Each structure stands twice: as structure tokens, then as C-alpha cells.
Amino acid sequence: MNNAIGCKYAKKCGGCQLQNMDYQRQLKFKQAKAVSTLGKFHKVNNIIGMKNPYNYRNKVQAAFGLTRGGKIVSGVYQSSSHRIVNVDNCMIEDKKADEIIVFIRSVLPEFKILPYNEDTKKGFLRHILVKRSFSTNQIMVVFVGASPIFPQKNNITKALLKEFPQITTVVFNINPHKTSMLLAEREQVLFGKGYIEDELCGMKFRISPKSFYQINPFQTKILYETAIEYADLNKTQTVIDAYCGTGTIGLVASQKAGEVIGVELNEDAVKDAKINAKINGVENASFYCGDAGEFMVELAKEKQKVDVVFMDPPRAGSSKAFLQSVVKLAPEKVVYISCNIETQKRDLLILCKSGYKVKKIQPVDMFPHTTHVETVVLMSRKENK
Ligand code: SAH
């Protein structure tokens, strides 16, 4: 059976590069990609796909703009252009989030709010960001405006809450900068707590507007469980959670480890990680804000005992400084989670030249219908066979 999604926006959006391919074929395609990139390190386990690979995104963002005819549109930027594709519903995004965005688009004229125009610098609304927890059903809506003056902010918030009583928090992010970053520093909470909470792997996690959180909760559970199983932890061990985001991997691992040390560049994510430790009653984990590479160099200088390193860098991969410090700290195991197998291959080569050996490779399909491949790789020091 061909169950390709055949999306009506595909030509303009370009987000789901594989949307014309049957899901089983997509998985084969990704498996082949993982094997051709990482296969020379070790046998690659079969990719773990989703049972129902739709509407999995728990975070949805939409850009707002005006057409030449003056119609308000919201959605994604047309590939390699600044034109907005007007999206009503996307097959990989959370349905409720899409409904919220379409509702906001439809009521903007009533509140005399115009989308921001980057050329003329007129108008106000740049983006809407929605994050929803699939486990607690809490929903956060973030208005991203180009100026601190948000006309009718209380009235539009009221209208939004009336239509969607499930929304638990509404935030206003002020982004006057010429930037491709969605959110800027300043924000104001218009309703609720300013964050939502999600439950994952038996723990609670706080998610703020700016902190990174995995976008496919069904597959994240599998990803984390695989990583932690590979680490095979015990209570005597010291574990590093590098590029830790809100501390998710480290906190789940803390139940089985002696001590967890997390490091992350984004300040808000680190704050969330510390709070997440508290709300889960975790006392053996600490989190630091900084560049993971520099942090590891410091740990190596201090000759810190490290038994296991979890590393989950962004698409650009890790840094030489980081990898060299891993080699100095000489943990028994390195569990490398990656959303970009090309940079992962580059980094694995460095570790393989310095005493490590790849023991397991598990791809997990975190982003169905796109070409992205996520992998968990276990490495051990060569002497522990
Ligand atoms: N492990 C987390 C986050 C992974 S995403 C999770 O599963 O949710 C990668 C994270 O690396 C992001 O939170 C990003 O802010 C952070 N990051 C990017 N560059 C970094 C650097 N140089 N040092 C430390 N953290 C970095």
C-alpha cells in the first residue's frame, strides 16, 4: 500500500522532502543513508520508525505576512525565498497548534493587528510559536512582535483563551531585531506561568519559550531509552550530559548513575534544567551554562573522574576541543546522539583515532517525511572489549 502523504503544500514548502515516498520506503532510504555514512564503523541496527508518522511535531511556528492584495497569511517560508506559504494544516504538525495559528490569523483584523513587514518596518506580528505537551496537554502560545507596543494584547489573549480554554500560558516575545532567530531576549508573560510541563520517561520537564526540547515526543522516549540502555550505568559512575538542553537525558540517567554533570550554552535551558532537577527530586545532578568544549577542557585540566559521556550536539556537530578533552578524560563509554550523521561521522573518526571503538549504532526516525536521520552511537575505549 502506498501511504505517502501527498501534501498539497509540498511544492512550495519543501519541508517534507520525502512526502511522496511511502513511509516504509522512507525508512529503507534512511537506513541506507545511515549504513553508507556510518556502516564502516559498525553494523547499523534497523531504524526504529513510527507506527503513526503524522502530526508528531509538538512545536509549531508560523511566520506572518501580507500578500500583495493585502490578505494576511501565516505559515512557512517558501523554500529559499521570503514568501510565506499560507498553511491551514500540516500533516506533521500538532493539529491543535495549527488550529490556534489559523484562529489568530482570522482574528487579527478584528484587533487591528498587522503582520510585520521587514522591508517597510511597518506592522507588528512576526511569528506565532505554539508548544504543546502531548502527555499533560498543556499548551503555550508565544506572540512574537516587532515592537514592545502590542496593540490590544489583553483583548486578543482573552479571545484566544475563550476559543481554546486548553491554552495554559501566553507569552509575548519582543523581537525588534533584523535576524533569522525567531525569539529575542525580552519577553512578557500575558497569561499563566510562562512555561509548560511535559512528562517523559517517568519524569517532569519544564519547557520555556526559548529552551530546546525534542519535537517528537513518541520517538524521543525511544531515543533516550536506547541511549541510557547503551550507557549501562551504575551508581558509582560520574556521567556527563553535554549539550544537555533542559537536562532531559542527564536527569533520566541520574536515577541509575552516581553523579550527573550537564552543560549547555542556552541560559534559559540551563535554568529549566536546574528547575527540572528540583521538581523531580533529583539531588545528584548539576547543570552549568557554557560552551561544552570549553567546559570539557576545564574538566580535563581538573582531572575530573568521568565514566560515561552523553553528547547530543546541534547539527554542526561537536568541536575539536570537546573531542580532545573526551580523549583526555578517558570515559569508559561515549554515547553520541546526533541529528546529522555527516558531522557525527567526522567526530567519530576523531574518537576512533584516539582509542575508541564504535560498538552499536541505532537510527531512530525522529522526523518522518523529512530526510533527517537521528542516530544513537555507543563507543567504548578499545581496552574494554
Ligand atoms: N540533549 C538535549 C538537547 C539537544 S539539542 C535534548 O535531548 O533535549 C543541542 C543543544 O546543544 C541545544 O540545547 C543547544 O542550545 C546546545 N548547544 C549548541 N551549541 C552548544 C555549545 N557550543 N555548547 C553547549 N551547548 C550547545
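The count of aromatic pairs in this predicted model comes to 8, where rings of Phe, Tyr and Trp (its six-membered ring) pair if their centres lie within 6.5 Å, and planes under 30 degrees apart count as stacked, over 60 as edge-to-face and the rest as tilted. Local features need pLDDT of at least 70 and side-chain atom pairs count only at pLDDT 80 or more, while totals for chains, interfaces and linings use all residues. Residues are numbered from 1 along each chain as its sequence is written, and side-chain values use heavy atoms, with hydrogens and water left out.

**Aromatic rings**

- Phenylalanine 134 and phenylalanine 218 form a tilted pair, with 5.6 Å centre to centre and 45° between the planes.
- Phenylalanine 134 lies in the loop between strand E4 (125-132) and strand E5 (139-145) and phenylalanine 218 in helix H5 (residues 217-231), so the pair ties together parts that are 84 residues apart in sequence; helices (H or I, at least four residues) and strands (E, at least two) are DSSP runs, numbered from the N terminus.
- Ring pairs also join Phe124, Phe143, Phe150 and Phe172 into a cluster.

**Charge over a ring**

- The charged end of arginine 206 sits over the ring of tyrosine 195, 3.5 Å from its centre, a term that requires NZ of Lys or CZ of Arg within 6 Å of the ring centre and within 35 degrees of the ring normal.

**Positive phi**

- Most residues other than glycine have a negative phi.
- Asparagine 55, however, has a positive phi near 45°, and is found in the loop between helix H2 (23-38) and strand E1 (59-66).
- Cysteine 201 has a positive phi of about 50°, and lies in the loop between strand E8 (196-200) and strand E9 (203-207).
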